[in-house]
Amino acid sequence: MAWLVRRILALWVRFTVLPEDTALRLHERRNPVCYVLERRSVTDRAVLQSACVRLKLPRPRKRLLPAARELRSLLYLSHPRGVWNARIDRRPPAALAQMVGLLRGHPELDIDLAPAAVYWGRAPQREASWIRLLLVEDWALASRIRKFFQVLLNGRDTLLEIDEAVSLRTLLGGEAPPNVQCRRVLRALQARYRRQRAARIGPDLSHRRTIVADVLRRRAVRAAVAQEARERNLTRRQALLAARRLTEEIAANYSPAFVRFLERVLTRVWNRVYDGVAFEHASTLERVADGNELIYVPCHRSHMDYLLLSYAIYRQGFAIPHIAAGINLDLPVVGRFLRQGGAFFIRRSFRGSSLYTVVFTSYMAAMMARGHSIEYFIEGGRSRTGRLLQPKTGMIAMTVRSFLRHPARPVVFVPVYFGYERIVEGEAYIGELSGRPKQKESVLGLLRTLPRLRERFGRVHVNLGEPVFLAEVLDRHDAGWRAPDGEEGRQPWVSAAVDELAAIIMRHINAAAAVTPINLLAIALLASPRHILAEADLLRHLDLHRSLLRDCPYSARVTVTALSSAEIIAYGESMKVVARRKHPLGDLVQMSEAAAVLAAYYRNNVLHLVALPSLVACVFLANAAMRAEDIHRLARRIYPYIASELFLAWTEQELPAAIDAVLAALARHRLIESAGGGAEWRRPPPTSAEAMQLSLLAQATLQTIERYYLAISVLLNAGSGAITQSMLEERCHLLAQRMSLVYGFASPEFFDRALFENFIDLLRARGVVQSRGSGELEFGEVLAAVAADAQLVLNEEIRHSILQVTHA
């Protein structure tokens, strides 16, 4: 009968085996291997048998041990009963009892158990009919009738996962009666299956009403309801109904069938809109998914981010996360679909409602306790400049405090970098930076955007960064955090741990950047005053950047386009980012003024990768030669501010070695040359091609230094104790805007007020300026020294322009 079923299924069923090295791992086992299936199933056994034949592994029906003729290499943990209504016989199987008996009687003997799981309709890499959504794999026990239809409809879209084999003897534990040892083994294997299934299809989440009821039963919510009733003079029922409304406003309504349906829709959409979706470092999930609570923390570039990450994760065969979305996206119809895709909604501010704060925190804790992965954007909103925004730590703090109160499983943060070659919201971002008010999200606005999806948006990169283990961060702040002290989540060191955690996540996001052809063209052409270069010069500059990315690698997780410099230019022409102008002396490659404004966004995506070489190049703009010790001093002076703005990877202690590496790399490219055994560095002759390349390289960070010098000049001009921070920010914003108009800077980010705010905050944090009790900023000689060092970097024309505007 089993042979016949396998032959029939072979004609229809198509399956994928994970992990890919399954055969190698099992061939290396010295002990007899016994496969384990969670439930007795003829079809699951047939798939396992076919996989063993394909991978040349021992067959499941093979005799396990010569001493036990009736014992086979397959073990079922449970036996379903019934045809129409499925029930389970949970008694320890006889075969397991026999194995335990053999091991008790033969101390030298051991058996390796290899848990195998078959997921019908849970291998999303393959195309399938939408009608199969009705029978996707879930946590419910399938009757024989349901299993028949699962095989019929989803049989060509099947996943077989064989977990790492485990020694049966290690599962027996200490001395105990045989029946107790059998139950120990059964519990251990069932726990492995729960973790395995949760990693593949998500945890066992009940209906939304069950989650809402779970939140409302929590002690913290009950206490907040009682307080709400007292403060607002409500009955207990009225306050409880208010808490229920808040919970329902927040809660997702995750639907596996809808997610499966959406995956099919998005596959068609992405194929139409993008040239491909690249998901890099996916092996990271294989390493951390099992047994951990995953918190995805991506950067936020576009509304497409919500869909792209879930899509990429699902296509890799992992459960999609529940996503924290702004309440502004809870639109009619759209909000309902987002909830079914795993979105839960959060208000922009928690102020004015202590009940909402408690309800939301309890909802987060409930989701973590149930083992579902969560996703939220650490920046809080979408970046309009292409740089990472300063992190908003509210969600991280909730996560940390929820973990400290109920440390059910280790928490791992997975940073994610999105790299777009063109974003749908590009024109809106430029308008907002130029002062146009942000348009509120609406269904009508969404419909207006749909025609744009017919345009070409290039390739999208979704790169996973190095995971951050929460326990390691907590250990650095309090090694005894695991011991309960009644203050879980309220310890004074938690805030410092949250800040450190946020900074690490931001650096890890940047360390997983994707360098696209559009990024490289933006860096090269925006360095030219009119965004035009001779093709030969552009090719040399692109070659330089590609070489520096190889010679001075920022991180092992950074991905760089494989296109040559000539292919990059051709790709830019096909994307209509650049245009070629014919000329008898050689073609010119130009970026239009309109394209240049948006190109600054794509340059800023990867600005951190070239920041250090560019800073060193800036030193030689106004100086033909510089002593090495002066280069290091200037770098030490400027680096903390650049590092804070761009979330650079090096600490201030690591900076000297990084600067030396950059100097050596620039010397290898003949952009600078050493004198006096490295004690002094000189730039090449002004008329050389290398001098032009050095000048172009400096332009990437020159505007950032100009912005710093502008803020310092305004503060020095006002005088110590004469201006508040908010007044300084506003004045810097207006003066920078004026400079952009007068001198033609095609970069609205130059006068972005948030960048001035962050710079002044860091000046205060480092003690360069201080705030009086009434708010005025005071400063001493240190600020003047910073200004003097900036003058060494900026040439006379730039300094004069800035001073002219500030004095005016």
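Guide: What follows is a walk through some labels and the values behind them.

Guide: First, this is a predicted model, in which local features need pLDDT of at least 70 and side-chain atom pairs count only at pLDDT 80 or more, while totals for chains, interfaces and linings use all residues. Residues are numbered from 1 along each chain as its sequence is written, and side-chain values use heavy atoms, with hydrogens and water left out.

Visitor: How many helices and strands are there in the protein chain?

Guide: There are 32 helices and 27 strands. Both come from DSSP runs, numbered from the N terminus: helices are H or I with at least four residues, strands are E with at least two.

Visitor: Why is T385 called buried?

Guide: Buried means under 20% relative accessible area, exposed means over 50%, and partly exposed is in between (1.4 Å probe, protein chains only). T385 has a relative accessible area of 5%, so it counts as buried. You'll find T385 in the loop between β14 and α16 (394-405). T385 and L598 are 213 residues apart in sequence, yet their C-alpha atoms are 9.0 Å apart in space.

Visitor: What about N233, buried or exposed?

Guide: N233 has 72% relative accessibility, so it is exposed. It sits in the loop between α9 (219-232) and α10 (236-250). N233 also has a positive phi of about 55°, although it is not a glycine.

Visitor: And H531, buried or exposed?

Guide: The relative accessible area of H531 is 7%, so H531 is buried. Its phi is positive too, at about 60°, and H531 is not a glycine either. Look for it in the loop between α21 (517-526) and β19.

Visitor: What makes strand β11 "largely enclosed"?

Guide: Six of the six residues of β11 (residues 293-298) are buried, so the rest of the structure largely encloses the strand. Both faces are covered: E293, I295 and V297 are buried on one side, and L294, Y296 and P298 on the other.

Visitor: How do you know that β11 and β15 pair?

Guide: Two strands pair if DSSP finds at least two bridges between them. β11 and β15 (residues 411-420) have six bridges, in the parallel sense. Within that pairing, E293 stands opposite V411. β11 is also joined to β14 (residues 374-375) by two bridges, again running parallel. There, Y296 has E375 as its bridge partner.

Visitor: Why are β19 and β21 called edge strands?

Guide: Their open sheet of three strands has the order β19-β22-β21, with antiparallel pairing. β19 (532-534) and β21 (579-581) each have a single partner strand, so one side of each is left without a neighbour in the sheet. Three bridges link β19 to β22 (residues 588-590), and A534 has L588 as its bridge partner.

Visitor: Why are α25 and α28 called roughly perpendicular?

Guide: Angles run from 0 to 180 degrees between N-to-C directions, and the axes are lines fitted to C-alpha atoms, for helices over the stretch in contact. Angles under 35 degrees count as roughly parallel, over 145 as roughly antiparallel, 65 to 115 as roughly perpendicular, and the rest as oblique. The axes of α25 (residues 607-619) and α28 (residues 689-718) come within 7 Å and cross at roughly 105°. The two helices are therefore roughly perpendicular.

Visitor: Which residues make the contact of α25 with α28?

Guide: Contact means heavy atoms within 4.5 Å. Among the residues making it are L607, V610 and A611 of α25, and L694, L697 and Q699 of α28. By class, the contact has 13 nonpolar, three polar and no charged residues. Nonpolar covers Ala, Val, Leu, Ile, Met, Phe, Trp, Tyr, Cys and Pro; charged covers Asp, Glu, Lys and Arg; the others, Gly among them, are polar.
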